[in-house]
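Visitor: I would like to learn how to read a structural model feature by feature, beginning with a pair of charged side chains. Could you take me through this one?

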Amino acid sequence: MSIGRMNRRQRTVTMIVLSALLLAFVVLEGLLLSSDRIQTHLEIRNMAPSWSHLFGTDWLGRDMFTRTMKGLVLSIGVGLTAAAASVIIAMALGLAAATMGRTADRIISWLIDLFLSVPHLVTLILLAFVMGGGAKGIIIGIAFTHWPSLSRVIRAEVMQLRSAEFVQISGHLGKSRWWIATRHLLPHLAPQFVVGVVLLFPHAILHEAAITFIGMGLSPHQPAIGVILSESMRYLSTGMWWLAFFPGLCLLLIVRAFDVLGDNMRRLFDPHQSHE
């Protein structure tokens with residue numbers, strides 16, 4: 001069956017599978033490649049891309065394909081952890097705003113407006129600097145700057161669920177707000193958690209690369225994409241274009257793959273579109 005003859009649901013599932021396969025290939029490739037290829041080999045330094053070194057080698061003779069794959073695995077791990085932490089914060093605050101009364105709703109809505117009024121990249125840089133940089137600083141910075149928009153979505157979703165008949169019955173039976181939130185509302189938010197992590201990941205990995213690029217993120221000794229791009233800037237004028245081109249292109253492909261994956265998962269979980 002060709003792509004053109006598929007209905008929307010079949011095309012959505014196909015795009016999800018293709019994106020997931022690409023991401024799985026990158027992760028497995030990065031984990032399985034030997035670390036010996038990113039050790040110093042001065043006899044093969046500054047080599048242009050070839051069959052033996054697909055992305056060329058750098059000024060220390062390190063294989064750029066291996067460095068790029070391992071850097072992507074590292075960036076994916078940091079990005080997913082940060083995105084998951086941010087979604088957990090968003091779900092907790094969104095759930096509390098919709099279930100814990102008007103006072104909690106006002107306070108959390110004020111917090112959301114406050115964080116949205118400040119450019120989150122500035123806040124991210126400040127948090128990463130205060131936390132001393134590194135993976136911990138980036139994860140905390142991303143987690144505490146990317147939750148506001150999703151919190152509003154979660155709050156609106158919970159507001160709709162509160163009017164459901166099974167929730168109203170539990171309330172009339174004397175169940176507490178905490179019991180209703182954890183037993184009735186939270187399970188219905190599982191799809192939002194998965195989709196939220198996947199949709200937040202492109203922002204997380206790009207911001208991780210940006211913070212690392214300016215020297216406030218991951219350690220220069222780690223093969224992160226931001227580190228690779230930062231180091232390669234000094235050698236572009238010498239004609240070593242492959243040092244930045246291939247890592248940058250792979251980063252964009254990974255971000256696009258997660259973007260496609262998240263968008264199609266959102267369509268699949270959307271009850272208005274899932275049966276079209």
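Predicted model: local features only at pLDDT ≥ 70, side-chain atom pairs only at ≥ 80, totals over all residues.

Visitor: Are Arg155 and Asp105 buried, partly exposed or exposed, and what cut-off decides it?

Guide: A residue counts as buried under 20% relative accessible area and as exposed over 50%, with partly exposed in between. Arg155 has 26% relative accessibility and therefore counts as partly exposed, whereas Asp105, at 15%, counts as buried.

Visitor: How many salt bridges are there by this rule, and which residues are linked in a network of them?

Guide: The count comes to 7 salt bridges, and a network of salt bridges links Asp58, Arg62, Arg67 and Glu231. Within that group, Asp58 and Arg62 meet through their side chains at 2.7 Å, N to O. Asp58 has a relative accessibility of 0% and so counts as buried, and Arg62, at 13%, counts as buried too.

Visitor: And how far apart are the closest N and O atoms of Glu231 and Arg67?

Guide: In the salt bridge between Glu231 and Arg67, the closest N and O atoms are 3.5 Å apart. Here again distant parts of the chain are linked, with Glu231 in helix H10 (residues 225–232) and Arg67 in helix H2, 164 residues apart. Both Glu231 and Arg67 are buried.

Visitor: Helix H2 has come up, so how should I read the packing of two helices?

Guide: Two packed helices are described by the angle between their axes and by the distance between those axes. In this model, H2 packs with helix H9 (residues 190–213) at an angle of about 130°, and their axes are 7 Å apart.

Visitor: Why are H2 and H9 called oblique to each other?

Guide: Angles over 145 degrees would count as roughly antiparallel and those from 65 to 115 as roughly perpendicular, so H2 and H9, at about 130°, are oblique to each other. Their crossing is right-handed. On the H2 side, the residues that make the contact include Ser75, Gly79, Ala83, Ser86 and Met91, and on the H9 side they include Phe193, Gly196, Leu200 and Glu208. Sorted by kind, the residues of this contact are 14 nonpolar, 4 polar and 1 charged.

Visitor: Could we look at one of those residues, Ser86, and ask which residues it touches?

Guide: Ser86 sits in helix H2, which covers residues 64–99. With a relative accessible area of 0%, Ser86 is buried. Leaving aside residues up to four places away in sequence, Ser86 touches Ile142, Ala143, His146, Trp147 and Leu200. Of these, Leu200 is one of the H9 residues in the contact with H2.

Visitor: Finally, how do I read the chain as a whole?

Guide: The C-alpha atoms fill a box of roughly 75 × 55 × 30 Å, taken along the principal axes, and 44% of the 276 residues count as buried. Among contacts between residues at least 6 apart in sequence, 71% join residues at least 24 apart. The pair of Arg155 and Asp105, 50 residues apart, is an example of a link between distant parts of the chain.

Definitions and conventions. Residues numbered from 1 in each chain as written. Heavy atoms only, no water. Helix = DSSP H or I, 4+ residues; strand = E, 2+ residues; numbered from the N terminus. Buried < 20%, exposed > 50% of the residue type's maximum accessible area, 1.4 Å probe, protein only. Contact = heavy atoms within 4.5 Å. Axes fitted to C-alpha atoms, helices over the stretch in contact; angles between N-to-C directions. Parallel < 35°, antiparallel > 145°, perpendicular 65-115°, else oblique. Left-handed = near helix turned anticlockwise from the far one by under 90°. Nonpolar A, V, L, I, M, F, W, Y, C, P; charged D, E, K, R; others polar. Salt bridge = Lys/Arg side-chain N within 4 Å of Asp/Glu carboxyl O.
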